[in-house]
Amino acid sequence: MNFVSSLPGWAWIPLGMVPVGILLLYFLKLRRQPLVVPSTFLWERTIEDVHVNSLIQRLRNNLLLFLQLLFVAIAILALLRPGWLGESGAARRLIFLLDASASMQATSSDDQPSRFDIAKGKIAEQIDALRGGDVAMLIAFSDRADILHEFTSDRRRLLDALSTARVTNRPTNMLEALRAAAGLANPNRSSQASDANDVQVADAMPADLYIYSDGGFQAVVDFNLGNLTPTFVSIGEETVNNVAIIAFSAERNPEFPDQVQAFARVANYGGSTVDTSASLFLDGELVDAQNVEMESGEETGLSFQLNAPEGAELALRLDSKDDLLVDNQAYAGLSAMRNVSVLIIGPGNQSLELAMETEQAKKLGTVEVRSSDYLATDEYKERASLERDDLIIYDRCAPTEMPPVNTFFVGALPPKDWAAGVLTGPVLPIDIDRTHPMMRYLELFSLNIVEGRALQPPRGAVNLITADIGPVLSLSPRDGFQDLVMGFDILSATNDGGRAYNTDWPVQRSWPVFIYNVMRFLGGAVDTSGALNILPGEVAALRVDNRLRRVRVDSPQGVKKSLDVGPSGNIPFADTEATGLYRVMSSEGDDPDPVSVFTVNLFDSRESNILPVQEIELGYEAIASQVVGAPRRSELWRWLLVAALGILCVEWVVFNRRLV
Amino acid sequence: MSATLRPSALLTPELLARLERLELVSRKVFQGRMKGERRSKRKGQSVEFADFRNYVSGDDLRFIDWNLYARLDRLFLKLFLEEEDLHFYALVDCSASMNFGDPTKLHVAKQLAAALGYVGLCRADRVRVAGLGPAGAHAPVLRGRSSMWRMLDYLDELQPTANIPLAQGVKEFCLRSGGSGVVLLITDLMDKQGYEAALRMLVGRRMDVYVLHTMAPEEIEPPITGDLKLVDCEDGDETEVTVSRHLLSRYRQTVASFIDQAKSFCAQRGITYIRIRTEEPVEQIVSNYLRSHGVVR
């Protein structure tokens, strides 16, 4: 039998005064309220009989006093929480890891607590069962770790911290949480372990690591448990029922921009066959639905065709209820078509300009042509630094400094990092990367190139066309921008100062298609095919027109957040906890213009696959799930409280039967 | 009916109209002072035959029964009952304890005294409505319907301030009024020295005594609870009580026993005991209650 004080030390002083107060009240004469009556004659006769039994009356009063003192004594005893533990031992160090990822929202039915609540309950039980010298630490984790409370022996603080834990929509990554947990158990050394003069900065403090999770994460291999003794408590029932949308995207038909194709993948992670339907909503209105019938463990694809104006907001919902609701809906957005601004600098290239004046290309944006001399002007420098253009095409010329925009060099090289071989010819294309968006729909093996140079792009570049002499069309990333370099000219200067076509590409059908692809991909018009999609909790890297000073992001819950636009138009937006469609608006005025949309979806098959695992792997160590029989503390306070209530009732009855 | 032209707080015109049809009942036959509508112990002039007696010289020849003389050849005098007035007294307890209830017990007592007094006035009885205590000294003797306003004015002036024992009040009344008759004692009987002496005194004066015991509902079922210090409004006596359900039931028993004692005391002495609850309207008390108890008919 031991006692645990439920009150801070100072609170016992006023509590100790209570019985003294009761005794004092009995010594003091009761202050009675005066009341004028016609005559006390009848009252005196009434109480005369009672005075005869004054001895019994005194006893009754004493009985009340006795009952009241007994009540206070039992209440104090209950506050001391007498109880006993199943076992006793040395003080322990415990670390509780609470999985707060999306899969922990799963619940077997509406009236049942979620896995997260069950895990919290189990941790609360463990905290309740802590012995006097035990200390515990509380960490909640999803794709990041959140230390709810450092090591402490104060149960109340731990329970308060536990009550603040909230389940998230995020995927799971345990590594950070494990590192936080290992901080004290496995202290780092001050320098290299092999150094003879090395001193360890702190003593290792072994700890018991309790992991409360459904195990919906991949094995953590890059971690050494060291002094941590792990215990895995698997949360969740063996029979689950979950159908999830694991992918959903929408794209415009390049041929007919009004037509939108939406694709979704739906998986059945439950143990039984599912027959349900998926409903597609466009701007909140039901536009299409399809039946979904899947065996357990199956995946299926859904495709929808619909007509949508620019700036469409799509939502796909599964029409069945299951254990995990967050993956039953998915969102996709189609941004309004952006006007691409293209600047061509060069001595003049009719084939390039013509290709940009096709009906399709005109829809993408505007083209401005300047001569090579323009490069030396201040206007160009200012324009390039302000990123006013989405794409600059340098035709047989090159700037001295790379502008902070995407570029396309024709017959010239960027001033840095790129090199090229000697001019040789003829050039025969032998390999074309057709998977790249810029090379789609191109048939180039019949291409004739008179002469060209083999490119030596910087590391990380993608060769789009490789000829017998080497790569002749390469795409290389540069500080968030991309440079496309073509190793041959379209138009070459002849020895007599005239111009001659270096290739027959401009007369082939693939040329305008290639230029169109370049405008879409490098110009940024490709963004229109589908809005940015990120996982919950990820930072959305938004890019807007840098002429805007301020934008507003409207979240799915209706929260509006204003953000300053950086000089380059980049806005990092981190408040992406909720799944749904986020709208980026141009200003905070009464009628803000939509700028773009992005979506947050839980497309994570590990989170959607909610079948709890029975074994996890941490640092190549398999840890089987255990039923943690917490060394439960048997407590008496509840019974004491019931007894105190009983005594209170008796006291009340005695008081009401009390005579004068 | 000119008396009813002025409105009064004590009696409504409807009640007055009803009262005019009533008559005070006396279970005893008293000697009156003046000619009235009541049978008297005295023999006198009326249409109701009483007795014969031998003629003695000096008797009024008009009353000789000549028919009897013809048959028996002896002179007999034919005696008739005399009709005289009835002495009616209404004594109103004016102690402070009467100032409780809604309406107050004193108000109800005044109403009853006025109502029955008016009945007496209508029947040409000798009516005296008096408050116990100092106010009784200048209580007017009234006769005839026209005296109603004097009676009402007197009653209006009665204040619940005369905190004297009931026996003393009755004694003072007895000393002031010589004759006997019907006496109506309207009181709450709340006298720590007892009401018995007062009633005995009235019975001893050969009065036909009616006790109208007025009680307010608050006295029968007190709406109080908790720890209280009860203060007697008359003598300031303090009684500390903790009013619980148990105590209230004891109190009710005490009230019931008090009423029973009063009833039995009255019954033994030929006094009519009538309990009046102040929440009942006076019209109802007079027309139903007092009628059934034989106070009026």
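**Exercise 1. Find out how well strand β19 of chain A is covered, and which strands flank it.**

Step 1. Start with burial: β19(A), residues 406-410, is mostly covered, with five of its five residues buried. A residue is buried if 20 or more other C-beta atoms lie within 10 Å of its own, exposed if 12 or fewer, and partly exposed in between, with C-beta atoms placed from the backbone. Helices (H or I, at least four residues) and strands (E, at least two) are DSSP runs, numbered from the N terminus.

Step 2. Now look at the two faces. Asn406(A), Phe408(A) and Val410(A) are buried on one side, and Thr407(A) and Phe409(A) are buried on the other.

Step 3. Next come the partners. Strand β18 (residues 391-395) of chain A runs parallel to β19(A), joined by five bridges, and Ile392(A) stands opposite Thr407(A). Strand β25 (residues 481-486) of chain A also pairs with β19(A) in the parallel sense, over four bridges; here Phe408(A) has Leu484(A) as its bridge partner. Two strands pair if DSSP finds at least two bridges between them.

A word on the model before you go on: it is predicted, so local features need pLDDT of at least 70 and side-chain atom pairs count only at pLDDT 80 or more, while totals for chains, interfaces and linings use all residues. Residues are numbered from 1 along each chain as its sequence is written, and chains are lettered from A and ligands numbered from 1 in the order in which they are written.

**Exercise 2. Work out the strand order of the open five-stranded sheet in chain A and identify its edges.**

Step 1. The order is β28-β34-β33-β30-β31, and the pairing is mixed.

Step 2. β28 (532-534) and β31 (560-564) of chain A each have a single partner strand, so one side of each is left without a neighbour in the sheet. From one strand to the next, the twist averages 25°, taking axes as lines fitted to C-alpha atoms (for helices over the stretch in contact) and angles from 0 to 180 degrees between N-to-C directions.

Step 3. Asn533(A) has Thr599(A) as its bridge partner.

**Exercise 3. Describe the side of chain A that touches chain B.**

Step 1. Count the residues: 23 of chain A are in contact with 29 of chain B. Two residues are in contact if their C-beta atoms, placed from the backbone, lie within 7 Å.

Step 2. On the chain A side, β2 (33-37), α2 (41-52) and α12 (637-657) each give two or more residues. The largest share, eight residues, comes from α2(A).

Step 3. Sort by type: 12 are nonpolar, five polar and six charged. Ala, Val, Leu, Ile, Met, Phe, Trp, Tyr, Cys and Pro count as nonpolar, Asp, Glu, Lys and Arg as charged, and the others, Gly among them, as polar.

Step 4. Check for pairing across the chains. β2(A) runs parallel to strand β8 (residues 226-232) of chain B, with five bridges between them, and Val37(A) stands opposite Asp232(B).

**Exercise 4. Decide which face of helix α4 of chain B is buried.**

Step 1. In α4(B), residues 148-157, the buried residues are Met148(B), Met151(B), Leu152(B), Tyr154(B) and Leu155(B).

Step 2. Viewed down the helix axis, these fall within an arc of 160°, so they line one face of α4(B). The arc is that of the directions from the helix axis to the C-beta atoms.

Step 3. This buried side packs against α3 (105-122), β4 (126-131) and β5 (141-143) of chain B, while the face turned away carries the exposed Asp153(B) and Glu157(B).
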